Structures are given as C-alpha cells and as structure tokens.
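Dear colleague,

I am handing over the structure we spoke about, and below it you will find notes on what turned up when I went through it. Please read them with the model open beside you.

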Amino acid sequence: MFAAETELKEDPRLQAIFEAIRVIPNFPKPGIMFQDITTLLLNHKVFKDTVDMFVDRYRDMDISVVAGVEARGFMFGPSIALAIGAKFVPLRKPKKLPGEVISEAYELEYGTDCLEMHVGAVQPGERAVVIDDLVATGGTLSAAIKLLERVGAEVAECACVIGLPQFKVKLDSVYMLVFHLPFNQILTIYLFFG
Amino acid sequence: MGLIAGIMFQDITTLLLAPNAFKDTIDLFVERYKNKNISVVAGIEARGFIFGPPIALAIGAKFVPLRKPRKLPGEVMSEEYILEYGSDCLEMHIGAVEQGERALVVDDLIATGGTLCAAMKLLERAGAEVVECACLIELPDLKGRERLNGKPLYVLVESH
C-alpha cells in the first residue's frame with residue numbers, strides 16, 4: 001500500500017519526498033526511466049523525513065530486524081534500525097559477505113541473480129522489515145522475504161521509498177512512500193482505458 | 001573476523017547485530033563531527049553506506065554516495081586508484097558537492113588507503129575541503145594513513 005492510502009494522505013512530507021527524486025531517462029539501458037534517490041539524500045530535511053516516516057510506522061510493531069537490500073537499502077535501513085532499536089542485517093550480492101551464508105536466487109528480465117544473508121544473523125521467531133529504495137517487479141523483495149522466512153523469521157512488511165508497480169507481481173505487504181509511474185506506462189494505461 | 005586465503009577479513013556485520021554497540025559507534029562519530037560545520041558526509045560503497053547516512057542525518061549534513069563505475073545514473077566524475085593487481089574506479093555525481101563545502105569521508109575500514117585517497121580527490125576536484133576521513137577499523141601495518149596526503153584520519157579500532 002502507498003502512504004497516501006493511509007492517514008498520511010495529506011502529509012506535506014510526501015510531496016517533498018516525491019519532488020526530491022530525480023528521474024533519469026534511458027538508464028541503465030534505453031527505455032528505462034531510472035528513479036534516482038541520491039538527490040533525496042542531498043536534502044537533509046527530506047532525507048530525515050523519509051527515515052522518520054518509516055520509523056513512525058515500525059517503532060511499535062515489535063520489529064527486531066531491519067534487513068536492507070544492497071546497496072541502496074543500506075542508505076535507509078541502518079538509520080531506521082537505530083531509531084527503533086532493531087539490528088541491521090545487510091542482504092548482499094554473491095560473494096560479498098564473509099563466512100557462512102544462505103543464498104536465494106531470483107529472476108531478472110534476462111537471467112537470474114542471487115541474494116545472500118549471514119547464517120545466524122536472524123533467529124527464528126524474530127519480526128523483520130525488509131527495506132529497499134524501490135520496488136518494481138518485486139523479485140528482489142521476494143528473494144529477501146524467502147531468506148528471512150527460511151531462518152524462521154516473520155516478515156512483517158517490506159518498506160520502499162518508491163513504488164513502481166510493473167503490473168506483474170503484486171506483493172501484499174509492501175509499504176511505499178511515493179508512487180512513480182514511468183511515462184510509457186501512463187500512455188499504456190491511457191490507451192487501455194480509452 | 002574471518003580468514004579467507006590469508007586475508008583476515010574484518011567483518012563489521014556482527015557489530016550491526018548489536019543495536020547498542022552500533023548506536024554507540026555512530027554516537028562516537030557524531031560527537032566528534034557535530035560542531036565542525038560539516039555539510040557533506042561522503043560514504044564509500046558499500047559498507048560506507050551503512051555508517052555514513054546515520055552520521056549525516058545526526059549532524060545535519062547531506063549524504064553523498066561514492067560508487068563503483070556505472071552505478072550512479074546521470075553525470076558523474078571518476079577517479080581511478082591502484083589495487084594490488086590492476087586498478088579500480090570511484091565515481092561521484094557532478095553537482096552533489098559545491099565549492100567550499102566541508103566534507104567527511106566515511107568507510108568501514110582503511111587498509112592501503114587507495115579508496116580513501118580516491119574519495120578525497122573526488123571531493124577536492126569538486127571544490128570541497130576534506131576535513132577528515134573516518135573509519136571504524138584501521139589496519140596500520142598496511143600504512144594507509146600515509147596515502148592520505150596529510151589529511152587527518154580518525155579510527156575507532158586498530159587491527160594488526
């Protein structure tokens with residue numbers, strides 16, 4: 001669900017967060033409208049508001065684990081973890097984490113990739129939030145959820161700054177602050193609905 | 001710590017699993033930098049992204065990610081640095097940092113100092129003044145401190 005669908009609907013912070021995100025056309029390849037959150041990180045107030053909105057949501061949900069997806073999930077996750085008293089667990093690309101890891105493969109548009117988590121980082125019964133900057137198809141988040149569930153944790157919710165629904169995979173418990181629709185999809189919807 | 005093919009890997013992830021210790025770590029850096037008029041915290045990919053943002057948020061600075069090639073979209077500046085075998089490259093967004101800003105560079109660890117040196121060069125090329133480099137761990141035997149062109153380095157822990 002989007003923050004705008006909750007009691008935060010009129011919250012002015014959401015508009016500022018939306019405006020702080022820069023869209024770069026044709027990156028990393030032609031046809032992709034890249035949602036760049038680095039401009040948000042340059043604006044201290046908006047960055048703080050972004051973190052605060054997640055902290056406000058999760059502080060009373062008994063969350064003991066914030067799992068951040070490499071690498072942009074690392075930019076938001078630790079601050080949230082620190083504020084709610086949870087541990088931070090990095091979910092990384094293959095061969096980055098030293099020691100014993102568990103791996104979960106997921107589909108890309110072409111081929112597959114893999115997400116890894118340290119064995120022993122998370123205990124059975126812990127409640128976790130997964131954080132990333134953006135959700136599109138949900139493939140990465142699904143892999144993250146599986147890693148946590150495999151070690152017996154409960155994923156309370158996934159949290160992303162930006163939701164880019166690709167109309168392929170729907171994740172029920174994803175909480176997104178702002179909505180960005182790529183221009184070509186606006187056109188598709190318009191044509192579809194006449 | 002882990003032993004991989006002769007390299008003692010300093011694994012900071014266990015620190016992140018202890019909320020009080022992680023918070024204390026951040027607080028130590030925040031105490032040191034909060035009254036130094038620092039407007040930029042630059043974090044080196046990827047573990048610098050874990051420590052940099054909480055520091056930036058606490059001291060009122062912006063956070064600037066310094067990334068491996070082709071990760072940052074849009075216009076970037078690049079700085080090459082030497083590895084044991086070959087070279088690598090660090091990138092920063094053009095326009096992220098303005099002339100005259102005071103900057104802190106953050107990474108989890110300093111070894112040979114190559115990455116930190118490249119980070120400092122990027123910031124200086126953009127016209128910023130690097131006030132200090134901050135790391136959790138230093139491997140002093142690798143003499144990274146000497147590669148920082150006299151810039152101060154602040155570390156919490158030394159590991160031999």
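This is a predicted model: local features need pLDDT of at least 70, side-chain atom pairs count only at pLDDT 80 or more; totals for chains, interfaces and linings use all residues.

From chain A its lining takes Phe34(A), Asp36(A), Ile37(A), Thr38(A) and Arg72(A), while chain B supplies Arg67(B), Lys71(B), Leu72(B) and Pro73(B); by class, four of the lining residues are nonpolar, four are charged and one is polar.

Turning to chain B by itself, you will find four helices and nine strands, which follow one another from the N terminus in the order β-β-α-α-β-α-β-β-β-β-α-β-β. The radius of gyration of chain B is 15 Å, close to the 15 Å that the globule rule gives for 160 residues, so chain B is as compact as a globular protein of that length. Its C-alpha trace spans about 40 × 40 × 30 Å along the principal axes.

Of the 160 residues in chain B, 53% count as buried, and the accessible surface of the chain comes to about 7200 Å², with 51% of that belonging to carbon and sulfur atoms. If one takes the contacts in chain B between residues at least 6 apart in sequence, 59% of them join residues at least 24 apart.

Definitions and conventions:
Residues are numbered from 1 along each chain as its sequence is written. Chains are lettered from A and ligands numbered from 1 in the order in which they are written. Side-chain values use heavy atoms; hydrogens and water are left out. On a 1 Å grid over the protein atoms alone, a cavity is a set of points where a 1.4 Å probe fits but cannot get out, and a pocket is an open set with protein on both sides within 12 Å along at least five of seven lines; lining residues have an atom within 4 Å of a point. Ala, Val, Leu, Ile, Met, Phe, Trp, Tyr, Cys and Pro count as nonpolar, Asp, Glu, Lys and Arg as charged, and the others, Gly among them, as polar. Helices (H or I, at least four residues) and strands (E, at least two) are DSSP runs, numbered from the N terminus. The radius of gyration is taken over C-alpha atoms; the globule rule is 2.2 Å times the number of residues to the power 0.38. Buried means under 20% relative accessible area, exposed over 50%, partly exposed in between (1.4 Å probe, protein chains only). Contact means heavy atoms within 4.5 Å. Accessible areas come from the Shrake-Rupley method with a 1.4 Å probe; for residues, only the protein chains shown count as cover.
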